[in-house]
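User: Please examine the structure shown below and discuss its fold and packing in question-and-answer form.

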Amino acid sequence: MTLPGGGGLSLSLGGDLTECLKAYAESCRRPVEAVVADAVEEYPDARPDHRQPRTAGLTAMREYEAEHGPFTEEETAEADARTDRLFRPADDEHEGPRTDGRPERRDE
């Protein structure tokens with residue numbers, strides 16, 4: 001499917017979703033492209049939480065660094081490791097001990 005606009009955009013949605021989209025557009029008597037464009041425009045308003053946590057986190061990091069100086073390589077590595085632990089798949093939950101000797105917790 002190619003959407004209108006400067007340069008165009010092509011995307012593949014898969015058979016079931018494409019058929020659902022076509023049926024919805026037909027029932028609304030609107031072109032598929034218009035239905036997709038409306039959905040994309042409405043997405044940020046429908047999901048305000050989509051950008052807010054990331055933006056707030058980046059702002060907090062910049063404020064901290066402005067007051068205390070840049071994060072060290074060690075602090076960055078610790079943050080990366082913590083993020084990896086928090087976002088790993090649930091089936092990896094008990095994969096190995098922590099390096100600091102404290103018990104592993106998913107909600108840290």
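This is a predicted model: local features need pLDDT of at least 70, side-chain atom pairs count only at pLDDT 80 or more; totals for chains, interfaces and linings use all residues.

Analyst: Residues are numbered from 1 along each chain as its sequence is written, and side-chain values use heavy atoms, with hydrogens and water left out.

User: In what order do the elements of the protein run from the N terminus on?

Analyst: The protein has 4 helices and 2 strands. These are DSSP runs numbered from the N terminus, with helices being H or I of at least four residues and strands being E of at least two. From the N terminus on, the order is β-β-α-α-α-α.

User: What percentage of the residues in the protein is buried?

Analyst: Buried means under 20% relative accessible area, exposed means over 50%, and partly exposed lies in between (1.4 Å probe, protein chains only). Of the 108 residues in the protein, the buried share is 9%.

User: How are H1 and H2 oriented to each other?

Analyst: Helix H1 spans residues 15-28 and helix H2 spans residues 32-46; their axes come within 9 Å and cross at roughly 100°. Axes are lines fitted to C-alpha atoms, for helices over the stretch in contact, and angles run from 0 to 180 degrees between N-to-C directions. Angles under 35 degrees count as roughly parallel, over 145 as roughly antiparallel, 65 to 115 as roughly perpendicular and the rest as oblique. H1 and H2 are therefore roughly perpendicular.

User: Which residues of H1 and H2 make the contact?

Analyst: Contact means heavy atoms within 4.5 Å. H1 contributes Leu21, Lys22, Tyr24 and Ala25, and H2 contributes Val32, Val35 and Val36.

User: Which residues make up the largest nonpolar core?

Analyst: A nonpolar core is a set of buried Ala, Val, Leu, Ile, Met, Phe, Trp, Tyr and Cys residues joined through side-chain atoms within 4.5 Å. The largest such core has 5 residues in all: Leu21, Ala25, Val32, Val35 and Val36. H1 and H2 are the elements that give two or more residues to this core, and the largest share, 3 residues, comes from H2.

User: Is leucine 21 buried or exposed?

Analyst: Leucine 21 is found in helix H1. Its C-alpha atom and that of valine 35, 14 residues apart along the chain, are separated by 8.1 Å. Because its relative accessible area is 14%, leucine 21 is buried.

User: What separates the C-alpha atoms of tyrosine 24 and valine 35?

Analyst: Tyrosine 24 also has its place in helix H1, and with a relative accessible area of 48% tyrosine 24 is partly exposed. Not counting residues up to four places away in sequence, valine 35 touches Leu21, Tyr24, Ala25 and Arg30. Tyrosine 24 and valine 35 are 11 residues apart along the chain, and their C-alpha atoms are separated by 8.4 Å.

User: What value does phi of arginine 29 take?

Analyst: Arginine 29 lies in the loop between H1 and H2. At 77% relative accessibility, arginine 29 counts as exposed. Phi of this residue is positive, in a residue other than glycine, and is near 55°.
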